[in-house]
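Hello,

Here is the structure I promised to pass on.

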Amino acid sequence: MLHFHFTLHQLPIRVALLFLLIFSSFKWVMADAPPRAATTAPKALTSCRPTFSSGCFTGGLNSFTVNGTTLSNATSCSTGYAAYTAVTTNVAPGQPHPFAGTFTNSGYPNGVTIWADVNRDGTFGTTEVVFQASTVTTSTFSGSLTIPLNTATGPVDVRVVVAYFTIPPSSSACGSFSYGEAEDYVLNVIAPTAYYPTTTNIANTSALLNWNNLGTASSYEVQWRPQTTPASAYTTISGITSTTFALTGLGIGAYEWQMRPTSGTYVGPVSFTVGCTTPSNLNAFNVGSASVQFLSWSAVSEPAYPNKTYEVQLQVKGAGSWSTVYTGTNTLTPRISGLSLQTPYTWRVRADCSLFSAPQTFTTTCNTPSLNGAYNIAHNSAQLLWSDPEGGVYVLQYRPAGGTWTTVSSLTTTSYDLTGLTNNTTYECAVSKVCATTLSSPYSATRTFTTACKLLSSPGTTELLPTSAVLYWYNYAAGVPPGEVQLQWRPTSQSVVSWTTIDNIPGGIYTSYSLTGLTNNTAYQWQARASCGAGVYSSFTSPISFTTQSCQPPSALNTSSIGINRATLSWNSGSYLEQRFTVQYRPASLSTTTSGWTSVTGIVSDRYSLTGLDPNTAYQWQVSMACTPTELSGFSAPLIFSTLPCNNRLSSTPFATNQTYASAQLNWSDRDINTYTVQWRPQSLPASNWNTIANAVTGNGGSYTLTGLNTSTTYEWQVAVVCTPSLLSNYFGGNSFTTTACSNLATGLAATGTTFSAANLTWTGPTFVPYVLRYRPIGTTTWTDVSGIMTKPYTLTGLMAGTVYEAQIASVCSGSATAYGLIYSFTTAAACTNAASSLTALSVGSTTATLGWASPPGIGSSLRYRVAGAVGWQTVVGVVNAPYALTNLIAGTAYEFQVASVCGPGQLSGYTAPASFTTTSTNTCPLMVTVQNGDWTNPAIWSCNRVPLATDPVQVLHIVTIPNNGTGRAQRLSYGAGGKVSFGMAARLLLNQ
């Protein structure tokens, strides 16, 4: 058995977010090796090795030590594989030996799997995995290594595989990966020096006892007992002739055992536990008069017992008879109802692998509702809200402060709308719950509120023009009709003059009003108040001042990005509403006249690109603006600029790259956006024999690929800028280049994915070259050829399942194939196996459910489902992929579903184990309450297991965060003890909308 832990050093910033992944434990898998004769030399290391298509840039295996002895200390990784075949350190079976390792690049996360050839057959099988990480990590790893008991003495081969962001599967000792490295070592197993008793294969009713064979005993004796029995109450088993013994018929609990050779001294005791720990931290929340809202406990977290279910039992305290009230996988039960008022109850819980917890007690009681306060307060009304997780019947009382109470009885909801109130008056209110005819809770603490016609908020002025302005405000007052506002305005210079009043301005919560008929370049002020109807108004807002603007031409003219035939014009336009511009330009030689202007109208940006200009020419330009549909400014003062002369504008010497036997890529950089002409010729031809490619490239600099060239030939070339259709710059010569000899351009042949009948092959090489591929099963003599391949990857089909193939590739040069490259081997899948996993219900409604699962790309699925417990399955017709939406389901019903992999026509794997989900009930959720701290958008923090809607009353009992740029919604919001809502950047909460 291997005992493993990771030591994390300080992580680079770029992988800091991966730090949260490193806390998982690691899983070790090892099968007992049968005893065999000692060997004097290791078997030859298998020629089957893992491959890494992209090398080990992200982190190979830098060093690996056992017992403090360095087995390897490579400073880099280039091939992806290394073998260290010298026997370096001794290890005894059953005895822990420390080991440690580091990666070549600690900035990237890697997974690790280790095999040991304990049966010495020259291969690393799936049952010989001695370590497999449960998550990826960075930097270093360390732990202790224990060779299995009864392993024969002599050398034993060990393989360590490191893979980037991947846990190498147990079957991948010879697999294919993207980034990583593999290394092989040899350890020397020496004769054991002690029995080292250990316990393995622990299950719910059994365990396997193991010890070393020291060669000095022909039989053994074992004693065992439950730890709850007296120390002397051992059960003795004698006459055991092997070094293992299977205990069966065990129950959940802790045990210990010891062993000895017959008539020898006992070794031990060794302890082990069957089953898992009992649930802890039992709590009952929101206990009411006839129900308890939640029962919760801490989950049992033991990897040996995954997929645990829980059973909750309840009884009237002291009754002696337990009733099961919940069975399931959640650690937070839904409401348990039907209880008796003012009665103590006892409850307990167990996992399916544990004993029951110690009982906990709660007592039902008539709880006082929590009066949250008054909302939507207007001049004559208000809405009162209170919280009670259980629900029931309520009595409400309210009064003007210090006055006589008015009582409202028999309320069955947790809200009440008060009407007919008096404006600008303070009221008091309280609420009580009726639990029985003769039993009511005390009244809640008194809450107060004051009626008022709400003041308009956030008033302001925008869109200032010569004769108008837009005024705006927010109105939360309850008016008749809703949103009516009274507006007053006047010139600031006439502050002693009466206001001009505009009544009954309609609108909603947000209103804007366009004030017209104003005077250009004049100061004004305005104020407004809300109407609540029946002559009731709010106070006026504080006066807001503004000044109308005059229509002026744009300013700050600028010319940039000047080229041979182009320039970019820009200006400052101010904040006028229209933002429409007219640009006019002409050669500067016409500046003494009033003619020759070219106009561009309808420009809606403060930037315009002029094109089609003449090289080496001075121009002038000016701009005007439309401030309103009827008001235009004059033109600005003209600005002069000159285009560049038509000479070669290349910013660096042209150069040729990527030469092949028939092609080369020509490259250059330019300062402008232009068109180019390229000339080329073999260097052996006369200077006048140029091949010309007119308008070869259009763009900001560029490259051009010459094709159809001769092999092993030297060429020269040059490029010129096309300034205008009739004007060409001087040519700029590039470096000469020589095409290569005819050779195979394809390298790195590899399989990117295989199935039972197909394989995707890819390679490195130019895209414009044709290729020829050949393949055959290993051991056969006849190749199958595929010619004329122009794209990659290329998919081979019609292959045989579970077969090792070899393939070669060559490029076609001058009409003939070159020599083939290295042979590459790949293996098709043995059969159609189920690759589907992680079945889950992504979302569930009353009649619909969206189901998800994981499967490799290109592998289709078959889906079937049924009502839980039903006899027949309903199969979805055709091949499906996740996610898949089921419809026409039954509300409030438990379903189960399975998925099988479809490998091809008629190729269907077996189905997975069923996964379950339950459609939601059509009943609404009367009140949503938080059950834990967390994100507002996480359904798990809400009592109804969904995110609140705009129609849901909400009570916050925990710390809840609305994330950055997020929006929370509710009909109304209340807080309990410890409740708080915090907001991320640009987050908001909308109530009743």
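My notes on the whole chain come first, then those on single residues.

This is a predicted model, so a few ground rules apply: local features need pLDDT of at least 70, side-chain atom pairs count only at pLDDT 80 or more, and totals for chains, interfaces and linings use all residues. Residues are numbered from 1 along each chain as its sequence is written, and side-chain values use heavy atoms, with hydrogens and water left out.

**Overall build**

The protein has 79 strands and zero helices. Both are DSSP runs numbered from the N terminus: helices are H or I with at least four residues, strands are E with at least two. The radius of gyration is 42 Å, whereas a compact globule of 993 residues would come in near 30 Å. That radius is taken over C-alpha atoms, and the globule rule is 2.2 Å times the number of residues to the power 0.38. Along the principal axes, the C-alpha atoms fill a box of roughly 120 × 120 × 55 Å.

**Contacts, burial and surface**

Take contacts between residues at least 6 apart in sequence: 64% of them join residues at least 24 apart. Contact means heavy atoms within 4.5 Å. Of the 993 residues, 44% count as buried. Buried is under 20% relative accessible area, exposed is over 50%, and partly exposed lies in between (1.4 Å probe, protein chains only). The accessible surface is about 46,800 Å², and carbon and sulfur atoms hold 51% of that. Areas come from the Shrake-Rupley method with a 1.4 Å probe; for residues, only the protein chains shown count as cover.

**Charges**

There are 37 positive and 32 negative charges, and their mean positions are 3 Å apart. Lys and Arg count as positive, Asp and Glu as negative; His and the chain ends are not counted. Each charge is placed at NZ of Lys, CZ of Arg, CG of Asp or CD of Glu.

**Backbone points to check**

Two cis peptide bonds deserve a look. One runs from G268 to P269, with omega near 0 degrees. P269 sits in strand 19 (residues 267-274). Another runs from K792 to P793, also with omega near 0 degrees. P793 is in the loop between strand 59 (784-789) and strand 60 (794-796).

Then there is positive phi. A556 is not a glycine, yet its phi is about 55 degrees. A556 belongs to strand 42 (residues 555-560) and is exposed, at 57% relative accessibility. N658, not a glycine either, has a positive phi of about 55 degrees. N658 lies in the loop between strand 49 (655-657) and strand 50 (664-682). N658 is exposed, with a relative accessible area of 51%.

Best wishes
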